[in-house]
Amino acid sequence: MKNFKIEYGNGFISVDVHNYFAKADLPSIKKLFKIAKNFCTETQKSELIQALRTSKEYWAKKSNRYSYPHHKSLLDDLTPTTEKQLAKLHAKIDRIIEILQTENWKNETSLD
């Protein structure tokens, strides 16, 4: 699983791309992006977009593997079990990518 890391001052935030973006609501995601805009580069933004695209594939594969509810473990509550749930998750990830693409993050050349 891919982690996205935002380093700032004396600390950092690290989120698991697959799980965080699947369960977080849009206002929480926008707050994370607000922090990332100030501390992450455009290259990191591109890497996050690619990780989100990979996440769509990850959830599609995991959803297919758990087509039968009796095979699903308690730890897989986020896994879509129907086509409708998977389509909704894919739409959410597409919306997140769309938001990311419109934002300007810190420029590489402004780094010291």
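Select Ile-29, Leu-32, Phe-33 and Ala-36 in helix H2: these residues are buried, that is, under 20% relative accessible area, where over 50% is exposed and the range in between is partly exposed (1.4 Å probe, protein chains only). Viewed down the axis of H2, the buried residues fall within an arc of 100°, so they line one face of the helix; the arc is that of the directions from the helix axis to the C-beta atoms. The model is predicted, with local features requiring pLDDT of at least 70 and side-chain atom pairs pLDDT 80 or more, whereas totals for chains, interfaces and linings use all residues. Residues are numbered from 1 along each chain as its sequence is written, and side-chain values use heavy atoms, without hydrogens and water.

Next, select Pro-27, Lys-31, Lys-34 and Asn-38, the exposed residues on the face of H2 turned away from its buried side.

Now proceed to Lys-45 in helix H3 (residues 42-65); helices (H or I, at least four residues) are DSSP runs, numbered from the N terminus. Is Lys-45 buried or exposed? Lys-45 is buried, at a relative accessible area of 7%. Display its side chain, which reaches the backbone oxygen of Leu-100 at 3.2 Å. Beyond its neighbours within four places in sequence, Lys-45 is in contact (heavy atoms within 4.5 Å) with Leu-100, Gln-101, Glu-103 and Trp-105.

Finally, select Ala-91, which lies in helix H4 (residues 83-102). Ala-91 has 43% relative accessibility and counts as partly exposed.

Notes
Helices (H or I, at least four residues) and strands (E, at least two) are DSSP runs, numbered from the N terminus. A polar contact is a pair of N or O atoms within 3.5 Å; within protein, one must be able to donate a hydrogen and the other to accept it, and residues adjacent in sequence count only if both atoms are side-chain atoms.
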